[in-house]
Amino acid sequence: MTGWQQSPATAVLILADGTRLEGRGIGAVGHAAGEVCFNTAMTGYQEVLTDPSYAGQIVTFTFPHIGNVGANDEDIETVNMAALSGVRGVVLKADITNPSNYRSAEKLDAWLKKRNIIGITGIDTRALTAQIREHGMPNGVIAHAEDGHFDEPSIMAELKAFPGLEGLDLAKEVTTAQTYHWDQTGWVWNEGYGTLDNPEFHVVAIDYGAKRNILRCLADQGAKVTVVPATATAEEIMAHKPDGIFLSNGPGDPAATGVYAVPTIQTLMATGKPVFGICLGHQLLGLALGATTSKMHQGHHGANHPVKDLTTGKVEITSMNHGFAVDKTSLPSGVTETHISLFDQSNAGLSVDGKPIFSVQYHPEASPGPRDSHYLFTRFINHVRTQKGLPLKPEYVAPTAA
């Protein structure tokens, strides 16, 4: 009696320390190097894999069943449908099943191929996550060969050449190439996305890797949004005559992006216009105010991170995706810490005393994730209302009865 027939591995994940994990390939064929992180969200895999903030990373999902609701064009977060998010690969526990959701337009495997994302299944993601938690986020290379034959020298050469995210400016790789206007509002069940017909306000968003749902949240507040490239100058931004300025999320090392972004932000702050930053925008604002940033051990990636708003005492469950953080002890006089992570007490928000300037480390647009933090967009536009002499709107609105 012969033994069980073993199928050859069609994908490998190799970490910088030599750890080699074999599995089954999905998505695009080829190989790509990146920083290996883990994400604890149970939903929203499509939004995660199209979030420009994940540029340069290989995402390990801790939830074992990914792909079971398929994919569609509505849940993509990169603004340009044809653009790639920059994510280098995806690591899964279980094989992708046939989708069972009425919104599904295609299978995840086919969608990954179309987005040029390499994937691997059959990995013990629990063990990989434990290793990342203990030793930090390693560099790695993911490879998929349908015949199971890998060009090992080429794969290892790419891993060796990958510099890591520290010191890397990735915003330039994912930002828009030209200025454009945004007027799409949030998704409503059975109706889809809406359009803002009569904007009350005008916000200029600096695109360091902006997500669609962030722009929709601004539009939901009645703001026409003008999106400008990450390298836009303060003069170019102010020429649009904005009521407020938004600093978007994005990938990479804030210190590297800050070389050109910080002087611009400092000039914009001096105009007196309200400024609101998210994620990388938060880190860049911190640098512009004189604080420092540093690389985190394992980062925060997931949709279940508790954060305390020190201005109200409320605790919110948030969506996070960042591998760098503002050093809370470096906040200068006149800058107040407004939010903290209840996982590790790291800084999650700041504001400038007496000025309409604030930012948060997490993703209040919640895509994916809970909507506890949507009030921050109201807080931002309330600063605009104050300057215009308009009545303020309540930040927290109780849900209406069904």
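# Reading space and burial in a predicted model

In helix 9, the buried residues are Leu280, Gly281, His282, Gln283, Leu284, Leu285, Gly286, Leu287 and Ala288.

Student: What kind of model is this, and how are residues numbered?

Tutor: This is a predicted model: local features need pLDDT of at least 70, side-chain atom pairs count only at pLDDT 80 or more, and totals for chains, interfaces and linings use all residues. Residues are numbered from 1 along each chain as its sequence is written, and side-chain values use heavy atoms, with hydrogens and water left out.

Student: What do "buried" and "exposed" mean?

Tutor: Buried means under 20% relative accessible area, exposed means over 50%, and partly exposed lies in between (1.4 Å probe, protein chains only). Areas come from the Shrake-Rupley method with a 1.4 Å probe; for residues, only the protein chains shown count as cover. Helices (H or I, at least four residues) and strands (E, at least two) are DSSP runs, numbered from the N terminus.

Student: Why is helix 9 largely enclosed by the rest of the structure?

Tutor: Because nine of its nine residues are buried. Just after helix 9, Gly290 has a positive phi of about 110 degrees.

Student: Is Thr264 buried or exposed?

Tutor: Thr264 is buried, because its relative accessible area is 13%. Thr264 sits in helix 8 (residues 254-269). From Thr264 to Ile117 is 34 Å, C-alpha to C-alpha, and 147 residues in sequence.

Student: Is Tyr102 buried or exposed?

Tutor: Tyr102 is exposed, because its relative accessible area is 62%. Tyr102 lies in the loop between strand 5 (89-91) and helix 2 (108-114).

Student: Which residues make a nonpolar surface patch with Tyr102?

Tutor: Patches are made of residues with over 30% relative accessible area and no salt bridge; like charges are joined within 9 Å, nonpolar side chains (Val, Leu, Ile, Met, Phe, Trp, Tyr) within 5 Å. A salt bridge is a side-chain nitrogen of Lys or Arg within 4 Å of a carboxyl oxygen of Asp or Glu. Here Tyr102, Trp187 and Trp189 form a nonpolar patch of about 410 Å².

Student: How many cavities of 30 Å³ or more are there?

Tutor: Rolling a probe the size of a water molecule over the atoms shows where empty space is left. On a 1 Å grid over the protein atoms alone, a cavity is a set of points where a 1.4 Å probe fits but cannot get out; a pocket is an open set with protein on both sides within 12 Å along at least five of seven lines; lining residues have an atom within 4 Å of a point. Grid points are joined across faces, edges and corners, and a volume is the space filled by probe spheres set on the points. This structure has two cavities of 30 Å³ or more.

Student: Which residues lie nearest the centre of the largest cavity?

Tutor: Ser53, Gly250, Gly252, His322 and Gly323, out of 17 lining residues. The volume of the largest cavity is about 150 Å³. Strand 16 gives the largest share of its lining, four residues.

Student: What about the second largest cavity?

Tutor: The second largest cavity holds about 80 Å³ of space. It is lined by 14 residues, with Val48, Ser319, Met320, Asn321 and Pro368 closest to its centre.

Student: What is the volume of the largest pocket?

Tutor: The largest pocket has a volume of about 1100 Å³. Of its 44 lining residues, Asn213, Glu365, Ala366, Arg371 and His374 are closest to the centre.
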